[in-house]
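Welcome! Take a moment to look over the sequence and turn the structure around before reading on. The briefing below then walks through it topic by topic.

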Amino acid sequence: MVRAIVHRTVLFGGGWLALAGPAPEALATGLVVTIVAVWLSLQFLPARDPLVLWRLARHLPRFVAESIRGGVDVAWRAFSPSMPLNPGWIELRSDLPEGARAALGGELSLMPGTLAAGSEDGKLIIHLLDIEAGFDDAIAREEAQIAAIIDQNRTGRA
């Protein structure tokens, strides 16, 4: 529980600093907002699986790069009539806990040509612009990275 409080405080406090900056008049408000955000997050998503911050930090550069790549790819598809499209839906069964499964859906939505459209019975419902584009390996890789960030495998290394 203490680990979850520290991690969430760093996350929400860092988010506040990124949005408001280090202005002295914003720090008092940021402290209150951070405390309330941590408390609310623990109420809505109790600490079950620890978030390993260094793994999350290691993941962020690739996340940003893939987001940019995804945006460029979708724009290219939108403006190029010769780009082949074969849209469709897949259901992805995931053993990740609910919050991590939502994070996986967010990750997958940033991949080029994919959009997580919901979750039902432990499965993510994903729309693909091209169901024959070979997303299987990329989706499995994203799921493994989210599992590593929350230390789901319990390897003893954190």
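Phe135 sits in the loop that runs between S3 and H5. Please keep in mind that this is a predicted model. Is Phe135 buried or exposed? Phe135 has a relative accessible area of 11%, which is under the 20% cut-off, so Phe135 is buried.

- Setting aside neighbours within four places in sequence, Phe135 is in contact with Met111, Pro112, Gly113, Thr114, Leu128 and Asp130.

**The whole protein**

- The protein has five helices and three strands.
- If you read along the sequence, these elements follow the pattern α-α-α-β-α-β-β-α.
- Of the 158 residues in the protein, 32% are buried.
- Among contacts with a separation of 6 or more, 72% are between residues 24 or more positions apart.
- The accessible surface of the protein is about 9900 Å², and carbon and sulfur atoms account for 65% of that surface.

**The sheet**

- Three strands form an open sheet in the order S1-S3-S2, and their pairing is antiparallel.
- From one strand to the next, the twist averages 25°.
- Six bridges pair S1 with strand S3 (residues 123-128) in the antiparallel sense, and Gly88 has Leu128 in S3 as its bridge partner.
- S2 and S3 also run antiparallel and are joined by six bridges; Ala116 has Ile126 in S3 as its bridge partner.
- The hairpin of S2 and S3 has two residues between the strands, and Asp121 takes a positive phi near 50° there.
- As a general point to keep in mind while you look, side chains in a regular strand alternate between the two faces of the sheet.

**The salt bridge**

- How many salt bridges does a search of the whole structure find? The search finds one.
- The side chains that meet in a salt bridge are those of Lys123 and Glu91, at 3.1 Å from N to O.
- This pair links distant parts of the chain, with Lys123 in strand S3 and Glu91 in strand S1, 32 residues apart.
- Lys123 has 22% relative accessibility, so Lys123 counts as partly exposed.
- Glu91 has 52% relative accessibility, so Glu91 counts as exposed.

**The helices**

- Helix H4 (residues 98-110) lies across S1, S2 and S3, and H4 runs at about 160° to S2.
- Helix H5 (residues 136-149) is made of 14 residues and reaches 20 Å from its first C-alpha to its last, which is close to the 20 Å expected at 1.5 Å a residue.
- Which residues of H5 are buried? They are Ala138, Ile139, Glu142, Glu143, Ile146, Ala147 and Ile149.
- Helix H2 (residues 24-44) contains Thr34.
- Thr34 has 8% relative accessibility, so Thr34 counts as buried.
- Leaving out residues up to four places away in sequence, Thr34 touches Thr9, Phe12, Gly13 and Trp16.

Conventions: Residues are numbered from 1 along each chain as its sequence is written. This is a predicted model: local features need pLDDT of at least 70, side-chain atom pairs count only at pLDDT 80 or more; totals for chains, interfaces and linings use all residues. Side-chain values use heavy atoms; hydrogens and water are left out. Two strands pair if DSSP finds at least two bridges between them. Helices (H or I, at least four residues) and strands (E, at least two) are DSSP runs, numbered from the N terminus. Axes are lines fitted to C-alpha atoms, for helices over the stretch in contact, and angles run from 0 to 180 degrees between N-to-C directions. Contact means heavy atoms within 4.5 Å. The expected span of a helix is 1.5 Å times one less than its number of residues. Buried means under 20% relative accessible area, exposed over 50%, partly exposed in between (1.4 Å probe, protein chains only). A salt bridge is a side-chain nitrogen of Lys or Arg within 4 Å of a carboxyl oxygen of Asp or Glu. Accessible areas come from the Shrake-Rupley method with a 1.4 Å probe; for residues, only the protein chains shown count as cover.
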